[in-house]
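Please keep the sequence and the structure at hand while reading.

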Amino acid sequence: MNSLHPLMALLLGVVAVGGRVLLDLQFGVEAGELWQRGIEVLCGIAIVMVALRFSAGDPPRRPWALLGISMALVPVIRLVSHLGVALGDIKLAHLLLIGGNIVMASSMIGFGRVLGSSELLSERTAEDRMRATAFIGLLAAIAIAVIGYNTFELAGRGLPVGPGAWVSAIATSVSTLSDALVFAGGLYLLWLLRPLIGGSLARPYLLIAVGAGAFLAVDIFLVTAGATTQTELVGTELRTLAPKWLGCLAFTGFALAAATQSALLRSARRTLERG
């Protein structure tokens, strides 16, 4: 079964992130932001298109649709953040960020349920399950370390004052928890599916894990800078640009995951037609 070739995925990733870096350094952050907005829109479209490739009764359709919804919310979050839309002192962007991250985390739970109940993994032995449990433990330790760091940073600032500050703190925590769950879940599914069909089925989840891992790194930068969204970062210093580049990598990873899944579906349908 064919999927998007790994070298092609790597090349597209380099072009996407390298384009952002080049535009930021040569033409200004505004040009880089415009480039990334285009990648974010393409990411949402690509994931929604994958969901639509499945019929209404196919179990994978729901998690892909949830992931598509979460990514489609990103341009809206960018817009309302740029416009400064607020409900009292609560920024609408922060509320949407909470909702989008909850939806994204739900998509990974859905992927796990779909694959866990499929025949693909029905022949696992007790030894396989034990190794899987150990792997989950390792991923949990990594996720807890990142969540702990962000929590420590937030706690060091004292209790939030006012509803807006509380919503901002909750948005940061939910974002970190969601990114950690998707990162760990993506790696876990990659590990489970790696022996099947030459690893082709695992590639979308590798790319999802790359995207979520980049988001986790962005979370650390944002907490350190005292920001909640990338749009709130202003400046041309490396510590301001680095999380934006990582964010570009994250959206590219999710878009390439969708492209890889689409290639797998096309290949599967061609095989069925020939058979």
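The model is predicted, and the protein chain averages a pLDDT of 85, with 84% of the residues scoring at least 70. The chain has 8 helices and 2 strands. Of its 275 residues, 47% count as buried.

**Confidence**

- Helix H5 (residues 126-155) has the lowest confidence in the chain, at a mean pLDDT of 67.
- Confidence is highest in H2, at 94.

**Fold**

- Read from the N terminus, the order of elements is α-α-α-β-β-α-α-α-α-α.
- Among the contacts with a separation of 6 or more, 76% come from residues 24 or more positions apart.

**Packing of H1 and H2**

- The axes of H1 and H2 are 6 Å apart, and the two helices pack at an angle of about 160°.
- Because angles over 145 degrees count as roughly antiparallel, H1 is roughly antiparallel to H2.
- On the H1 side the residues in contact are Val15, Ala16, Gly19, Arg20, Leu23, Asp24 and Phe27.
- They meet Val29, Ala31, Gly32, Glu33, Trp35, Gln36 and Ile39 in H2.

**Packing of H6 and H7**

- H6 and H7 have axes that come within 8 Å and cross at roughly 155°.
- H6 is therefore roughly antiparallel to H7.
- The crossing of these two helices, H6 and H7, is left-handed.
- Residues of H6 that meet H7 include Thr172, Ser175, Asp179, Val182, Phe183, Gly186 and Leu190.
- Residues of H7 that meet H6 include Tyr205, Ile208, Ala209, Ala212, Gly213, Phe215 and Asp219.

**Nonpolar cores**

- The largest nonpolar core has 44 residues.
- Within this core, Ile47, Trp64, Leu67, Met71, Phe111, Ile208 and Phe254 touch the most other members.
- Another core, of 9 residues, lies apart from the largest one, and Ile77, Ile90, Leu97 and Ile98 are among its members.
- In soluble globular proteins, nonpolar side chains tend to be buried together.

**Ile208**

- Leaving out residues up to four places away in sequence, Ile208 touches Trp64, Leu67, Met108, Phe111, Val182, Phe254 and Ala257.
- Ile208 is also one of the H7 residues in the packing of H6 against H7.

Notes
Residues numbered from 1 in each chain as written. Predicted model: local features only at pLDDT ≥ 70, side-chain atom pairs only at ≥ 80, totals over all residues. Heavy atoms only, no water. Core = buried A, V, L, I, M, F, W, Y, C linked by side-chain atoms within 4.5 Å. Buried < 20%, exposed > 50% of the residue type's maximum accessible area, 1.4 Å probe, protein only. Contact = heavy atoms within 4.5 Å. pLDDT = per-residue confidence, 0-100. Helix = DSSP H or I, 4+ residues; strand = E, 2+ residues; numbered from the N terminus. Axes fitted to C-alpha atoms, helices over the stretch in contact; angles between N-to-C directions. Parallel < 35°, antiparallel > 145°, perpendicular 65-115°, else oblique. Left-handed = near helix turned anticlockwise from the far one by under 90°.
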